[in-house]
Amino acid sequence: MQPDADLVIVGGGPAGLTAYIYAARARLRTLLVEKLAPGGQVLVTDFVENYPGFPEGISGAELMERFTAHARALGLEPLQDEAVGLSIEGEYRVVHLASGRNLATLTVIVATGARPRKLGVPGEAELTGKGVSYCATCDGPFFRDQVIAVVGGGNTAVQESLFLTRFARKIYLIHRRDKLRATKILQERAFAHPKIEILWDTVVTRILGKEGVEGVRLKNVKTGEERELPVGGVFIFIGIEPATSWLGSTLALDEGGFIITDSEMRTSVPGVFAAGDVRAKACRQIVTAAGDGATAAYMAEQYLAEREKP
């Protein structure tokens with residue numbers, strides 16, 4: 001078997017594009033597989049204010065256009081396809097594609113990302129980026145002095161509600177059960193905060209608005225009572241889903257399905273690295289994804305250099 005590349009990068013978001021830039025500069029023969037357009041989820045992010053170097057902020061689409069242009073200047077020609085499997089065949093790692101093509105390579109960087117779990121209610125998709133958000137750090141400052149809703153009851157929902165109190169005038173924390181799943185100390189902070197009101201036994205059945213969020217329709221799961229609540233924004237924190245199902249049991253995953261790596265992005269399989277939101281870690285931001293991508297490409301280069309030693 002002759003390898004198709006020194007390195008195959010699966011995923012064309014911030015982590016994958018950064019990995020390509022570093023790999024190309026290291027003169028590695030690199031292929032990047034992306035099933036849609038390079039840029040990942042950031043393409044649909046309305047505005048990014050926390051990426052270093054852009055003090056006035058920048059749209060997600062423009063930021064990713066710049067990432068992609070940088071990679072294209074170094075030779076990027078993305079292979080538009082979907083990875084459906086990864087196997088280890090002797091010294092090669094083989095990425096299996098939906099088209100039926102198999103890419104034999106010496107190293108792989110998995111940068112397929114993760115997606116916020118959606119409520120799946122009317123109005124959610126239409127108003128995403130227009131008042132519906134899945135990232136308090138990204139979008140919280142847009143809701144200064146507004147009344148907003150947060151959906152969820154775990155650690156993330158409560159932590160982000162507390163973070164959003166820096167900006168919002170009032171926060172309704174909407175939870176479908178009669179008790180929170182967050183740790184006790186976070187619960188205590190939420191209960192004590194004057195800006196947070198918890199709506200128990202309640203689900204969102206519709207997000208209201210045309211050009212932006214104007215409110216939510218709620219239903220009490222015990223009484224069946226329905227009502228509308230005026231809010232200017234909805235933050236949804238009901239979990240995230242990593243794009244790792246295509247890997248099967250090839251790599252070690254944590255209980256949430258995220259790829260387990262060390263600090264150098266090494267996975268449980270030598271020569272296979274992971275970068276960005278797909279790996280198990282605490283912080284998932286554009287800047288951390290880019291840093292992961294740079295580290296993964298550097299470590300892939302080192303792996304190949306070690307392999308060539310007599």
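## Charges over rings

Lys170 lies over the face of Tyr172, 5.1 Å from the ring centre. Arg284 sits over the face of Phe258, at 4.2 Å from the ring centre. A charge counts as over a ring if NZ of Lys or CZ of Arg is within 6 Å of the ring centre and within 35 degrees of the ring normal.

This is a predicted model: local features need pLDDT of at least 70, side-chain atom pairs count only at pLDDT 80 or more, and totals for chains, interfaces and linings use all residues. Residues are numbered from 1 along each chain as its sequence is written, and side-chain values use heavy atoms, with hydrogens and water left out.

## Aromatic pairs

The structure holds 7 aromatic pairs. Rings of Phe, Tyr and Trp (its six-membered ring) pair if their centres lie within 6.5 Å; planes under 30 degrees apart count as stacked, over 60 as edge-to-face and the rest as tilted. The ring centres of Tyr51 and Phe54 are 6.3 Å apart and the planes stand at 40°, so this pair is tilted. Tyr51 and Phe67 have ring centres 5.9 Å apart and planes at 65°, so this pair is edge-to-face.

Tyr51 lies in the loop between strand S2 (30-33) and H2, and Phe67 in helix H2, so the pair ties together parts that are 16 residues apart in sequence. Ring pairs link Tyr51, Phe54 and Phe67 into a cluster. Tyr51 counts as buried at 18% relative accessibility. Phe67 is also buried, at 10%. Buried means under 20% relative accessible area, exposed over 50%, partly exposed in between (1.4 Å probe, protein chains only).

## Helix H7

Helix H7 covers residues 286-308, 23 residues in total. Helices (H or I, at least four residues) and strands (E, at least two) are DSSP runs, numbered from the N terminus. H7 reaches 34 Å from its first C-alpha to its last, close to the 33 Å expected at 1.5 Å a residue. That expected span is 1.5 Å times one less than the number of residues.

Its buried residues include Ile286, Asp292, Met299 and Leu304. The buried residues of H7 pack against strand S1 (5-10), helix H1 (14-25), helix H2 (60-73), strand S5 (102-110) and strand S16 (272-274). Contact means heavy atoms within 4.5 Å.

## A three-stranded sheet

3 strands form an open antiparallel sheet in the order S11-S12-S13. Strands S11 (202-208) and S13 (226-230) are the edges, each pairing on one side only. Two strands pair if DSSP finds at least two bridges between them.

S11 and strand S12 (residues 215-220) pair in the antiparallel sense over 6 bridges. Ile207 stands opposite Val216 in S12.
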